[in-house]
Structure formats: C-alpha cells, structure tokens
Amino acid sequence: MTTVHEDPAGTRSGARSGVRMPRVRRPGWLRLRDTRAALPFAIILAIYIVMALAPSWFVHAPALSSDLSARLLPPGTVRDGVTHWLGTDQLGRDLLNRLVYGTRISLAIAFSAVLCAGAFGTFLGVIAGVARGGVAAIIMRVADVVLSIPFFLLAILTVVALGPSLINVVICLTLVRWPRYTRVAYAQTLEAQGKEFVRSAQAIGASGPWIVWRHILPEVLPSVIVVATLELGTMVIYEASLSFVGLGVQPPTPSWGAMLSDGREYISTAWWLTTFPGVALFILVLSVNLLGDYVRDRLDPTEQGRSR
Amino acid sequence: MKLFYSGTFRYIIGRLGQALLQLFGVVTIVFVVLRLTGDPAQLLVPQQATAADIARVRHQLGLDQPIWAQYLHYLAGICHFDFGYSYVQNRPALSLIMERLPYTIDLAVAALIISVVVGIPVGMISAVQRKKFLGRAAMPLVLIGQSMPAFWLGLLLILVFGVWLRLLPTSGAEGLQSLILPAVTLASLSFATVARITRSSFLEQVGAEYVKTARSHGAGMGRVLFGHVLRNASIPIVTLIGLEIASLLGGAVITETIFAWPGIGQLTVQSIDARDFPVVQAIVLFVAVVYIAANFVTDMLYSVIDPRVRITAAEG
C-alpha cells in the first residue's frame, strides 16, 4: 500500500481463506538473538524517547521562531554566533531544532495509536473469544472488512472526515489498525479456554470476569505485545505519510512528514530539507523494526524452540 | 448436478459470499465515515449564504431525508455504478477516476514487474546461498527496503537522479523515462515483501525430501531449483503478488504526489485539498472493490494450483 509499509508480522490476509503462507523471518544473523545485540538499537530508541520528552536538553531556541533573513542556510552555517548544524528551512527556522521537536509528535502519535488500537482490539478479541456464537461472528466479520480496505486510504478517509489534528490522527490509526490485535487476541482466547487451569477455575465456580482477568488475559498478552512492537514502526511511517499529504498535525507544529513535504518544494536548492528528516525517520523505524523482531523471538510462544 | 455438490463448487460459492459480504461492509463503513464529515451542504454554499439557501441545497442533495433513507438511496446508487458526484468539477466521480486510472495502472504494473524481477532472485539467492556472502548481503537490502519510508526514497531519487545527475525527469508523465523513478519508488515496498516471502518459501522447500531425492538421482542444483523447488515455492508467491497488485493501486497516493504523476493517487490528494469528499469516497470504494476482487481471484487461482486448499477449506 500504500506507499506505506504493511504487515511486518507477515500476517497477510491470505491466511484467512485457508492459504498457508510460510512464516516470514529474517536470516538468523540479522535477528537480534541476545540482549547484547539488541542493546544498541534499544539505546537509539531511548535517545529518541528522551528527545521527545525533553527536547530542550538537546536544542535551545524555541522551535517555532522564524527569521526570514536566515532562510535556507546550508548546514554548518554560523550566523549571529549560532551554529545551524543542519541548516535552516524556508522560514529561517533551525532544522536541527525542528527535527528534535518533531520527534515528540512522531513518537507520541505512534505510541498512542499502538496503545489505543491494542487495547481496543484486544478487548474486542477477548469478548469475541469468550462469547463466541453470533457476537464473535459479527466482531470478526467487521475486522475482516476493515482489513479489506487498503489501510492508507481508510486512514485518509477518516482524517478527512474528522479533520486533521493530533487526536484525530490517533483515532484514525486506531480505527484502521485494531483488527490486527483482535485476530490475535481472539485466537489466543479460544486456545486459553481449552487449557486445564481455565477449566479448573470454571469448575470451582470462579466468575467469568475473574477468569478472563486472572487466567485468560495473561495468556493473551504476550502475543498482543508482539503485534504491538511490530506495529510501532508502521505507525511511525503512517503518521509521517499522513502529515506528508497534509493530513497530520497542522503547522507550525513540527512533524517530520510535513517537513519533508515542505522540503520537496526546495529540493533543487536545499537538499538538507529533504535529507535529514528522512534520516531521522529511517533510523527510528529501522531500530523499532529490529527491536520488534527481537521481542517477537523472545515472547511469541509459537516461536520458541523453532529454528534456533 | 454432480458439480453442484462437489467441494470445489461449495468452496467457490462460500468464498464468493464472503467477498460480497466484505463489499457490503466496505460500502457501509464508507457511508458511516462520510456522515461523520458533518453537513456537505455547508461546504457547497458560499460563505454569505442564508439558512434558506442551505436548506435548498440540502433538499437537492437529499440530505433532509432520514438517515436510513439516505443509506438505501446510496446503496441503490452504487448498484447502478453511481459513485457520487464531484462538488468541484460537477462531473460524476467515477468518470474522474476512469480518466486517471490508466496512469495508475501503468505505474502499478511497472512497480510490480520491478519488485518481482528483483525480489524473487534476491529471495532465492538469500535462501539458497544463505551461508555465503551473496546470500548474506541480500537481506539487509530487504530490511532497508522495509524500514525506508517510500516517500523519502522518492525524494532521495529526485535529489540524486533529477537534481544532481540530471539524468531522469522527476515530474509528470511524458514517456517511459518519466515512469522510471516513480515505479522504483512504488516498487521499494512490495520488493521487500516479495523477497521475504520468496526466501521463507524456498527455505521451507529446500530441506524437503524430494529435493534430496532429486539430488541423489544426479540432478544438478540448478535443475532442482528451477524444475522442482520454484514450482512448489511459487504458490505463496503467486498469492502475494495478487494481493500486491491491489495494494500498489492504493499505495500510489504518495508516490504520485511526489512525482506529479496524474493518476488516482494524485486525484485523491487534489480532492482532499479541494474538500471534494464524494471523489475521495469514490476512490476509497473503487480501490476497496479492486482489492476484494483481486483477493477473490487470487484465492480462486490458488485453489486451481493447489487442490489441498479447496479440500481443507470445504471440510473446515
């Protein structure tokens, strides 16, 4: 899709109709097997998170100030005793500054979207798994339908309908992505209900909600977390793509996608405007994807003992 | 009559029903989302319009009817291929889409060819030679392809080939040359998916008994790979390619924007900018229909290639 990346988990819709797809894996040496290999990427992600939480530790000037006499200065220019390490943009704003402040939007939206879609999707999946019958049929059919609309177009339609803003982007990504979690949660709930300890709990008369909370949810969560970590990178790209077409957070709030979109107009004169926000985006997504694989190898029960 | 009771027939009917249900669901979701946009009449009238003007427009558009009547009217329209009317251009949305469609198809087909021609060999090499340098070098490429936002890749290509080297045109649709950069950009993500699925598919097959048998009978590795393994491994790959075609149509939105390619994607963004909601809605519907149809056709093809599918599906 979308010029947006789909399906890092390899859960293509082909699986629905009885088509057996092989599990998509990276070669062993590219997967992070032990914590030592995962550490550098965890540190990179940690740096991004710190940048998002405390951008003022990294850059000084307020991100929104513009100075038209300092337009499009190349990287490394020293002006009025201030070094613009990554240059300035079309309104004379320091690029490094906006890049650091843009981290906040990117991560805030990605994490919120994963959290909301994960909670909502898991809730529906567990409900479907416990209730079964008609309720399950309705929930799972709706999930199928949502998955059959190309994600990015559905996202565009929702943001157009709601109007672009930070909250609405999160709502939109939640509406588009919840079925991923619902499918996993549904399958895991069904599986958990067949297990000895759930049956024992039922036999001694434990209440339904208690069993779900105490026995089923802990069985469901590891798989949901695996999906969530793999989704995080996709959400970062989605947010950037939405703001690239003007449907993300609105200016002057800095967002990488919007910065790239602005930079496109000055591509023949100011290469730094299209290069650096992309580098920031790429490194973040790469780290998140590799860490996602690591988490999957660690947590996914179906992975354990396979092809070690 | 025998055909009627056969598993194959039941499978096809069941799958068709599923596809129609999906179609109905998509139409409904699009309707619901569209109603969230509020009152389209407000957007149509000029700023200084009176309440009476708005009421008149509402009546013209049928917006004063109860919601269920609007929904039925909308459904009936879709059954007659009436996908709505552009507010801005004053033309049926479908004819706008049809006008742009050939460009998007060109782009999607070119991207698909690139990702298959590059993706399958890369996946094969990384599976077969996984202990050797070439095999090891192949997968990082895929990982990069997967983590690289396509719109950034597009911008970098413009920067390198358009601005610095001045080799290729970077916007518009004039001739084959201007197709190259957008097609490479659009191909970057399906390339990664194709390569990964090829790799896993080959890894599953290379260890199989029949490979050992063929090898022990003296067949060369090349012959085993292309004569036996490729055929067995191709089933998931074919499925994936079927799904990719539809994704590429939807995915052209950003690529077309970057390269000013006059296809459906550009129409989408232009319609968003112009607040021309019926067109946006029609595009989403259109692409969803293509997506569901491609899914259906792929499944049908698949059950022809691999009889196990329809048998297990009919039994389950």
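This is a predicted model: local features need pLDDT of at least 70, side-chain atom pairs count only at pLDDT 80 or more; totals for chains, interfaces and linings use all residues.
**Figure 1. Secondary structure and burial in chain A.** Chain A has 308 residues, of which 48% count as buried. Among contacts in chain A with a separation of 6 or more, 70% join residues 24 or more positions apart.

**Figure 2. Secondary structure and burial in chain B.** Chain B contains 14 helices and zero strands. Its elements, from the N terminus on, accordingly read α-α-α-α-α-α-α-α-α-α-α-α-α-α. Of its 316 residues, 41% count as buried. Residues 24 or more positions apart supply 71% of the contacts in chain B with a separation of 6 or more.

**Figure 3. The crossing of helices H2 and H7 in chain A.** Helix H2(A) covers residues 95-131 and helix H7(A) covers residues 208-244; their axes come within 8 Å and cross at roughly 145°. The crossing is right-handed. On the side of H2(A), the contact is made by Ser106(A), Ile109(A), Ala110(A), Ala113(A), Val114(A), Gly118(A), Thr122(A), Val126(A) and Val130(A). The residues that H7(A) brings to this contact include Val212(A), Ile216(A), Val220(A), Val224(A), Ala228(A) and Leu232(A), as well as Glu231(A) and Glu239(A). Sorted by class, the contact of H2(A) with H7(A) consists of 15 nonpolar, three polar and two charged residues.

**Figure 4. The crossing of helices H2 and H5 in chain A.** Helix H5(A), residues 166-193, also meets H2(A): the two axes come within 5 Å and cross at roughly 40°. H2(A) and H5(A) cross in a right-handed sense. The contact between H2(A) and H5(A) comprises 20 nonpolar, nine polar and three charged residues.

**Figure 5. Helix H8 of chain A and its surroundings.** Helix H8(A) spans residues 256-265, and seven of its 10 residues are buried, so the helix is largely enclosed by the rest of the structure. The buried residues are Trp256(A), Gly257(A), Ala258(A), Met259(A), Leu260(A), Ser261(A) and Gly263(A). They pack against H2, H7 and H9 of chain A and against helix H8 (150-164) of chain B.

**Figure 6. Arg296(A) in helix H9 of chain A.** Helix H9(A), residues 272-299, contains Arg296(A). This residue counts as buried because it has 22 C-beta neighbours inside 10 Å, where the cut-off for burial is 20 or more. In sequence, Arg296(A) and Pro222(A) stand 74 residues apart, while their C-alpha atoms are 9.0 Å apart in space.

**Figure 7. The largest nonpolar core.** This core has 158 residues, and the members that touch the most others are Ala155(A), Leu157(A), Leu173(A), Val236(A), Ile283(B) and Val284(B). When residues up to four places away in sequence are left out, Leu157(A) touches Val30(B), Val33(B), Val280(B), Gln281(B) and Val284(B). Val236(A), another of the core members named above, also takes part in the contact of H2(A) with H7(A).

**Figure 8. Helix H7 of chain B.** Helix H7(B) runs over residues 133-147; its 15 residues, at 1.5 Å a residue, should span 21 Å, and the 22 Å between its end C-alpha atoms agrees with this. Its buried residues are Ala138(B), Met139(B), Val142(B), Gly145(B), Gln146(B) and Ser147(B). The elements that cover these residues include H7 and H9 of chain A, along with H6 and helix H9 (177-206) of chain B.

**Figure 9. Pro102(B) in helix H6 of chain B.** Pro102(B) is located in helix H6(B), residues 93-128. With 13 C-beta neighbours inside 10 Å, this proline counts as partly exposed. The C-alpha atoms of Pro102(B) and Val27(B) are separated by 24 Å, and the two residues lie 75 residues apart along the chain.

**Figure 10. Helix H12 of chain B and the residue that follows.** Helix H12(B), residues 264-273, is mostly covered, with seven of its 10 residues buried. These are Ile264(B), Gly265(B), Gln266(B), Leu267(B), Thr268(B), Ser271(B) and Ile272(B). Just after H12(B), Arg275(B) adopts a positive phi of about 55°.

Note on methods
Residues are numbered from 1 along each chain as its sequence is written. Chains are lettered from A and ligands numbered from 1 in the order in which they are written. Axes are lines fitted to C-alpha atoms, for helices over the stretch in contact, and angles run from 0 to 180 degrees between N-to-C directions. Helices (H or I, at least four residues) and strands (E, at least two) are DSSP runs, numbered from the N terminus. A crossing is left-handed if the near helix is turned anticlockwise from the far one by less than a right angle, and right-handed if clockwise. Two residues are in contact if their C-beta atoms, placed from the backbone, lie within 7 Å. Ala, Val, Leu, Ile, Met, Phe, Trp, Tyr, Cys and Pro count as nonpolar, Asp, Glu, Lys and Arg as charged, and the others, Gly among them, as polar. A residue is buried if 20 or more other C-beta atoms lie within 10 Å of its own, exposed if 12 or fewer, and partly exposed in between; C-beta atoms are placed from the backbone. A nonpolar core is a set of buried Ala, Val, Leu, Ile, Met, Phe, Trp, Tyr and Cys residues joined through C-beta atoms within 7 Å. The expected span of a helix is 1.5 Å times one less than its number of residues.
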